[in-house]
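Please look at the sequence and the structure before reading on.

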Amino acid sequence: MVNKQDFKKVEEYVYEIPKSYRPDMRVPARLYADEELLEAALGDRSLKQLVNTATLPGVVKYTLAMPDIHQGYGPPIGGVIPSRTSTGVISPGAVGYDINCGVRLLRSNILAEKVKPIMDDIVNALFRGVPSGVGRSGDIRLSNRQMNDVLEKGSAWAVSQGYGTKDDLEHTEERGAMAGADSRKVSGKAKKRGSSQLGTLGSGNHFVEVAEVEEVYDQEVADAFGLFEGQMVVWVHSGSRGLGHQVCTDYVRDLQQAVHKYGIELPDRELVCAPFDSPEGRDYFAAMACAANYAWANRQCLAHRARLVLDDVLAGLVKDRELTLVYDLTHNIAKVEEHPIDGKPTELVIHRKGATRAFGPGMPGLPADYREVGQPVLIPGDMGTASYVLVGTAEAMKKTFGTSCHGAGRVMSRRAAKKKIRGQELQQELEEKGIVVRGGSMAGLAEEAPAAYKDVDRVVNVVHSLGIARKVARVVPLGVIKG
Amino acid sequence: MSKKFEEIEHTADLAIKAYGQGMRELFANAAYGMFALMAEPSLEEPACQREVSLEATDYEGLLVDWLNELIYLHEVEGETYSQFIIETLSPAKLKAHVTGGPTKSKTKAIKAATFHELKVVKTGSGYEATIVFDV
């Protein structure tokens with residue numbers, strides 16, 4: 001068990017477990033948090049999981065975790081593992097099962113005040129119009145050929161079918177398609193699981209939310225992102241559905257052999273990995289890219305459904321009903337990026353599991369209209385409190401391999417939440433606060449209760465104070481559909 | 001009757017501890033526990049039967065494969081299983097016959113069984129295994 005005294009405080013909000021803590025650690029492990037969040041992390045197994053990540057071959061500088069850290073399997077959620085592409089490894093468990101689980105934010109020219117009186121209608125219409133819930137199929141059926149196109153082209157496939165615009169692609173991380181995707185590396189089983197799920201939300205913490213920009217902190221950047229106080233915006237949070245899970249399952253199993261072949265010793269089999277520069281590593285990367293592309297196409301289709309529903313339900317109330325994509329980003333991914341190590345630009349594979357890329361101004365790969373300010377960093381909170389829009393900074397490049405947190409982070413188990421909170425009462429409480437919520441099941445709703453999450457304001461305050469992402473706007477929920 | 005499984009705490013996901021007097025019973029009870037948390041079969045429809053045949057290099061790997069195979073069948077065939085007969089079991093091989101019905105209601109999407117801290121342990125009264133699921 002990791003204790004508080006095992007950490008050394010490097011600077012305000014930066015705690016480090018030195019390499020000497022365990023003989024199998026190759027680099028130190030860092031936690032970016034305030035004291036209260038550090039104490040909270042001591043409550044589950046997340047810090048042991050963080051230490052485990054520091055044992056992987058080829059890791060550089062330090063592995064780290066964000067203030068929304070919580071227990072996962074393999075690495076903790078909120079974990080970042082930087083590994084050399086030349087001598088390091090890629091680990092499917094360190095990306096996670098829901099490959100490219102991510103979030104997108106759409107803005108409107110509609111004032112939230114205008115839509116609040118009909119929020120019940122809006123949420124009911126979204127609940128009917130956006131397929132959601134446990135294992136739910138959608139209305140898109142993919143042939144084998146179409147599936148391979150989705151896997152290799154991602155969002156561009158969806159746009160080519162009329163589900164969105166070219167501008168959506170400009171404002172999606174990787175333009176909605178990772179390079180190197182090879183659909184031959186994805187199993188028939190994975191394709192079968194994914195064949196009827198494109199354009200579906202899924203269950204768990206996935207949602208579509210209508211929200212209001214409550215406060216703008218940085219006017220210049222908010223202007224660049226097209227955000228203003230009182231504005232209605234829409235969040236979409238989903239991932240790669242059964243397909244991504246099967247890709248991870250397949251490679252976690254297959255790579256068990258690679259670990260023996262390459263003589264890699266692991267403290268946890270879920271951290272199974274292969275050298276990045278090996279046939280096994282390359283195969284996983286090509287399959288992971290396919291699952292990431294599926295997830296981008298999925299959010300593109302979901303956003304399209306949300307646009308249609310809102311256009312319909314708001315007709316007669318507002319004239320300009322266009323929803324424009326601010327940005328779409330991934331929370332679970334491994335990406336090849338260049339970062340300075342010992343003063344030299346070095347190619348690394350950065351695993352982000354429950355963490356967000358937070359590139360600052362001038363970095364490659366940003367949309368032209370955000371290049372001068374930095375990328376939007378979207379932090380969805382729980383359904384009763386708030387979410388944040390932040391902007392990436394140069395500081396993130398120095399401290400966290402260009403990474404920020406991804407959400408509030410859970411603090412209570414699903415089991416405990418279900419025991420403590422009744423879905424029906426929660427729904428009522430939220431409605432008294434002016435938040436309309438619909439979910440597939442009351443138990444599912446209870447598991448996602450605000451009390452099950454950390455204080456998002458506190459989490460965001462840490463990344464803002466550290467300068468790894470700067471606050472731009474706070475956004476509050478008005479209507480939510482949960483899977 | 002002795003306990004087949006229990007749900008244990010996990011912050012973000014779902015975990016169970018499964019028990020069995022022998023290894024075969026442990027495998028059957030782990031599957032039973034997983035489905036008990038996940039979905040209910042319709043008993044009015046004719047029963048569905050599936051044969052499962054898997055190979056791995058150790059019991060832990062085989063247990064994860066077994067549960068993932070059942071998750072896959074549940075998702076793509078729309079079936080929920082309640083009876084698990086393990087016909088052959090060695091560290092390298094599993095053959096099983098499972099029976100269930102079309103899925104009537106789903107309570108929880110379990111999307112994968114993980115290797116996280118997975119151990120099959122011999123106890124005084126048989127075997128036990130803790131399995132963490134991705135939900």
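## Chain B

In what order do the elements of chain B run from the N terminus on? They follow the pattern β-β-α-β-β-α-β-β-β-β-β, and the secondary structure comes to two helices and nine strands. Helices (H or I, at least four residues) and strands (E, at least two) are DSSP runs, numbered from the N terminus.

This is a predicted model, in which local features need pLDDT of at least 70 and side-chain atom pairs count only at pLDDT 80 or more, while totals for chains, interfaces and linings use all residues. Residues are numbered from 1 along each chain as its sequence is written, chains are lettered from A and ligands numbered from 1 in the order in which they are written, and side-chain values use heavy atoms, with hydrogens and water left out.

The C-alpha atoms of chain B fill a box of roughly 40 × 35 × 30 Å along the principal axes. Its radius of gyration is 14 Å, which agrees with the value near 14 Å for a compact globule of 135 residues; this radius is taken over C-alpha atoms, and the globule rule is 2.2 Å times the number of residues to the power 0.38. Buried residues make up 56% of chain B, where buried means under 20% relative accessible area, exposed over 50%, and partly exposed in between (1.4 Å probe, protein chains only).

## Chain A

Chain A has 16 helices and 19 strands. Its radius of gyration is 21 Å, close to the 23 Å that the globule rule gives for 483 residues, so chain A is as compact as a globular protein of that length. Of these 483 residues, 65% are buried.

## Salt bridges

The structure holds 53 salt bridges over all chains; each is a side-chain nitrogen of Lys or Arg within 4 Å of a carboxyl oxygen of Asp or Glu. In one of them, Glu174(A) pairs with Lys335(A), with the closest N and O atoms 2.8 Å apart. Glu174(A) lies in the loop between H7 and helix H8 (188–194) of chain A and Lys335(A) in strand S12 (residues 332–341), so the pair ties together parts that are 161 residues apart in sequence. Glu174(A) is partly exposed, at 29% relative accessible area, whereas Lys335(A) is buried, at 2%.

Another salt bridge joins Arg414(A) and Glu447(A), whose closest N and O atoms are 3.2 Å apart. Both residues are buried. They belong to a network of salt bridges that also includes Lys108(B).
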